[in-house]
Amino acid sequence: MRKKSFITGITGQDGAYLSHLLLSKGYEVHGLMRRTSQFNTARLQELCGNLEFSDGGSLEDRLFLHYGDSTDSLNITTLIEEIQPDEIYNLAAQSHVKVSFEMPVYTSDVDALGTLRILEAVRQAKLTGKTHVYQASTSELFGKVQETPQTETTPFHPRSPYGVAKLFAYWMTVNYRESYGMFASNGILFNHESPFRGETFVTRKITLAAARIMNGLQDRLELGNLDARRDWGHARDFVEAMWRILQHDEPGDFIIATGEQHSVREFVTLAFEHCGVSIRWEGSGLNEVGIARVPVLKHDGIPNGFQPGKFDEFPTEERVVVAVNPDFFRPAEVETLLGNAAKAQEVLGWRAETTFPQLVSEMMSYDLKKIY
Ligand code: NAP
Ligand code: G4F
């Protein structure tokens, strides 16, 4: 019998990588997918579409997408009763911190109550003794950090409606574990990125903009807080940790992080270095700019065909390529995050494999090709 998994948020970055991992391990994967006016399964198709199975089976026999929404209790309860999953990965969320300030009520409904709906559905379906539940908790719980690096015992101080909603979800997960003996675990994941990262998160915004600037398609990149520091890992490594958390003998809460932090400014510098361009930073605060010699801006919308190593083939100009725009500031900022994943390493044998330069390089290579 194949193990059955149910992934909410299957169409997102982590949902796609996790589906690939579970399908490769022989799981039957069920996913919760929102009804949208256009197909939004591109990441799943790109990562899982070409999977080959050793027993000759096909993707259609193992990947099942169900329409639904984390805000719809009846839908969630019915699906969990029907699927009877061995493992649930609750990844669905309004996951953008800045957007959560603009949509605090909706964010709380999805991210806080959505988690409660899952936990309660498992209980109502009498699956507490069978189903292992993974909750996508976040380093945003630490917000205004009380100590560095952050561990499983660091006190929380969330700084956004997103962080506060995820705090409710974190404690509900602990509460269902303690109250009903449910195998319910929190993965407290620090930022993780990839070529499949949403385009409004800072890393992907940077790599896409750098690829466009190098192709003559974009004048400059406007960012908010360049000093923010994050512990950035690769989503491929982090979904492996999610799986290991649910295979462990006991439920628990685990920090998943690389143990290394970098600023937004450093990310930008490295992204352009991948293209052979060095950025000169000048000024400070709102007046800080990044200046570089880059291909001249084109006005026909056709990419110039830039690839690393081909810099000398293009007419270039020195100009401002990065500027600060306060529209991207948040009402309350999380300035610095750095995780200590010693417990995950010791108990689960997990550690991050991808280095920071490898992550930036992989994202840049992907986006330089995606321009076409
Ligand atoms: P993502 O790319 O934004 O994906 C979020 C997923 O949730 C998408 O599939 C989205 O569907 C779905 N979703 C949103 N609202 C929903 C709703 N009302 N009902 C059902 N599904 C809904 O996020 P991610 O980076 O993969 O992150 C996965 C989870 O880990 C999230 O819970 C996030 O908060 C958490 N997390 C992420 C990080 C990180 O650095 N990536 C770190 C810590 C924790 P659509 O495709 O239809 O929008
Ligand atoms: O890429 P971000 O939007 O990610 P953020 O806020 O750290 O949240 C992500 O990671 C969390 C884990 O810690 C997840 F729980 C959450 O779901 C999400 O995946 O911003 C990173 C930093 C912030 O400090 C932000 O202020 O970059 C700064 N930043 C500077 N300029 C910017 C920009 N962020 C965005 N999105 N856009 C900018 O222009």
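**Charges over rings.** I looked up R197 and found its charged end over the ring of F201, 3.9 Å from the centre. K25 lies over the face of W243, at 3.8 Å from the ring centre. I counted a charge as over a ring if NZ of Lys or CZ of Arg is within 6 Å of the ring centre and within 35 degrees of the ring normal.

**Ground rules.** I note that this is a predicted model, where local features need pLDDT of at least 70 and side-chain atom pairs count only at pLDDT 80 or more, while totals for chains, interfaces and linings use all residues. Residues are numbered from 1 along each chain as its sequence is written, chains are lettered from A and ligands numbered from 1 in the order in which they are written, and side-chain values use heavy atoms, with hydrogens and water left out.

**Aromatic pairs.** I find 13 aromatic pairs in the structure. W232 and F267 form an edge-to-face pair, because their ring centres are 5.3 Å apart and their planes stand at 65°. The two are 35 residues apart and link distant parts of the chain: W232 is in the loop between β9 (229–230) and β10 (233–234), F267 in helix α9 (residues 264–274). For pairing, rings of Phe, Tyr and Trp (its six-membered ring) need centres within 6.5 Å; planes under 30 degrees apart are stacked, over 60 edge-to-face, and the rest tilted. Helices (H or I, at least four residues) and strands (E, at least two) are DSSP runs, numbered from the N terminus.

I checked burial next. W232 has a relative accessible area of 3% and is buried; F267, at 0%, is buried as well. Buried means under 20% relative accessible area, exposed over 50%, and partly exposed in between (1.4 Å probe, protein chains only). Elsewhere, ring pairs join F142, F156, Y170, W171 and F190 into a cluster.

**The sheet.** I traced an open sheet of 7 strands in the order β3-β2-β1-β4-β5-β6-β11, paired in parallel. β3 (63–67) and β11 (253–256) are at the edges with a single partner strand each, so one side of each has no neighbour in the sheet. From one strand to the next, the twist averages 20°. Strands β1 (residues 4–8) and β4 (residues 87–90) pair in the parallel sense over 4 bridges; pairing requires at least two DSSP bridges between strands. S5 stands opposite E87 in β4.

Helix α1 (residues 13–24) lies across β1, β2 (28–33), β3 and β4, at about 175° to β1. Helix α8 (residues 235–247) touches β4, β5 (132–138), β6 (183–189) and β11, and its direction makes about 140° with that of β4. Axes are lines fitted to C-alpha atoms, for helices over the stretch in contact, with angles from 0 to 180 degrees between N-to-C directions. Contact means heavy atoms within 4.5 Å.

**Cores.** Which residues touch the most other members of the largest nonpolar core? I list L18, Y89, Y134, I256 and W350, out of 39 residues. α8 gives the most to this core, with 8 residues. A nonpolar core is a set of buried Ala, Val, Leu, Ile, Met, Phe, Trp, Tyr and Cys residues joined through side-chain atoms within 4.5 Å. Leaving out residues up to four places away in sequence, W350 touches residues including F238, R244 and A344. A second, separate core has 34 residues, among them M214 and C275.
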